[in-house]
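Me: Can you walk me through this one while I have it open? I'll ask as I go.

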Amino acid sequence: MAPSDAELIALVMAGGDQRAFSALVGRHQQAVRGLLMRLCRNHALANDIAQDTFVKAFEKIASYSGTGSFKAWLCKIAYTQFLMSARKRKAADKALERLQAEPVETSTSTGAPGAKVDLDRALATLGEEERVCVVMCYAGGMSHSEASDATGLPLGTVKSHVNRGKAKLKAWFEKKEQAA
Amino acid sequence: MTDETHFADEPMDGSDPFDAELQAMFDAAAPAEDPIFTQDVVGALGKPDRTRLLALGGAGATGSAVAGTQIETIISGPLSQLNGVAGQAVGFIGPEALVTGLFAVMALGIAWLVPKGRLAI
């Protein structure tokens with residue numbers, strides 16, 4: 001039987017077990033990379049930030065209290081790393097505006113590319129906080145309370161952003177379907 | 001019902017069919033599991049940041065250069081007072097060689113103290 005997250009985390013905390021951490025990376029990389037890809041819309045940048053996220057998680061694993069899920073803790077670090085990266089790049093806002101006009105799909109993962117472009121295009125119509133909340137809940141699989149903790153937004157605000165964002169996405173896809 | 005219990009651990013409520021549709025879209029757009037990514041992360045563990053390493057190296061080199069100009073004066077003064085074989089040996093070796101030896105010992109000490117693989121780039 002595969003060891004649980006808690007068992008693997010205990011091994012990493014006890015002696016910096018890299019094999020145990022490798023198992024954790026394998027288990028949670030899709031959620032973290034998926035979250036970052038929807039936030040960055042750039043495959044290479046998302047992977048770089050995801051790598052930084054896991055390295056940071058390894059260094060700070062002692063600060064994981066175990067009260068929430070490990071995935072949510074990782075996603076919180078990923079979001080912080082994403083914000084830091086955006087601040088460093090400075091041109092992030094300009095890039096976002098450019099992407100809102102014409103999102104570029106740079107992902108090389110499997111799946112229907114058209115659907116991914118549509119999803120990114122639809123997400124680009126949301127407000128910044130709406131997009132972050134929707135992406136955290138759907139791409140990162142986080143609960144509203146976990147998204148609230150990660151973003152620092154009040155729980156009710158997260159719920160509103162997710163519902164409003166979802167309504168906008170629904171309208172966007174309906175409009176697209178009608179146009180087709 | 002408090003907000004916390006209402007929202008706790010509920011990614012989606014499932015009552016809206018668009019929820020499932022949207023989740024399926026996100027799942028389809030999610031990246032595939034990549035073993036190379038895992039290898040890259042594990043490879044990056046324990047490696048100090050290159051910029052930090054360069055900054056530390058630069059600071060160390062500057063410190064060594066400054067110390068190198070001062071140590072000769074500091075060491076050669078007291079050593080010149082030594083008599084006998086030790087004093088002659090010091091005079092024969094010279095302060096530069098002494099400083100070089102001292103730094104070699106320090107470097108060996110650091111190499112012995114730093115854990116294996118810690119400075120791999």
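Me: Which residues of H7(A) are buried?
Reply: In H7(A), the buried residues are Glu130(A), Arg131(A), Val132(A), Cys133(A), Val134(A), Val135(A), Met136(A), Cys137(A) and Tyr138(A), where buried means under 20% relative accessible area, exposed over 50% and partly exposed in between, with a 1.4 Å probe and protein chains only. That is 9 of the 11 residues of the helix, which spans residues 128-138, so it is largely enclosed by the rest of the structure. Helices here are DSSP runs of H or I with at least four residues, numbered from the N terminus.

Me: What should I keep in mind about the model and numbering?
Reply: This is a predicted model, in which local features need pLDDT of at least 70 and side-chain atom pairs count only at pLDDT 80 or more, while totals for chains, interfaces and linings use all residues. Residues are numbered from 1 along each chain as its sequence is written, chains are lettered from A and ligands numbered from 1 in the order in which they are written, and side-chain values use heavy atoms, with hydrogens and water left out.

Me: OK, the interface: how many residues of chain B are in contact with chain A?
Reply: On the chain B side 31 residues are in contact with 41 residues of chain A, contact being heavy atoms within 4.5 Å. Together the two chains bury about 3,200 Å², 67% of it on carbon and sulfur atoms; this is the accessible area (1.4 Å probe) that two parts lose on being put together, summed over both. Phe26(B), Pro31(B) and Phe37(B) supply 22% of the area that chain B buries against chain A, more than any other three residues.

Me: And which residues form the salt bridge there?
Reply: Lys166(A) pairs with Asp19(B), and their closest N and O atoms are 3.0 Å apart, the rule asking for a side-chain nitrogen of Lys or Arg within 4 Å of a carboxyl oxygen of Asp or Glu. Across this interface the rule finds 1 salt bridge.

Me: Switching to the core, which residues have the most contacts inside it?
Reply: Phe21(A) and Phe26(B) do, in a largest nonpolar core of 61 residues, that is, a set of buried Ala, Val, Leu, Ile, Met, Phe, Trp, Tyr and Cys residues joined through side-chain atoms within 4.5 Å. Helix H2 of chain A (residues 18-40) gives the largest share of this core, 10 residues.

Me: What does Phe21(A) touch?
Reply: Leaving out residues up to four places away in sequence, Phe21(A) touches Val12(A), Phe54(A), Ala57(A) and Phe58(A), along with Val41(B) and Leu45(B).

Notes: Helix = DSSP H or I, 4+ residues; strand = E, 2+ residues; numbered from the N terminus.
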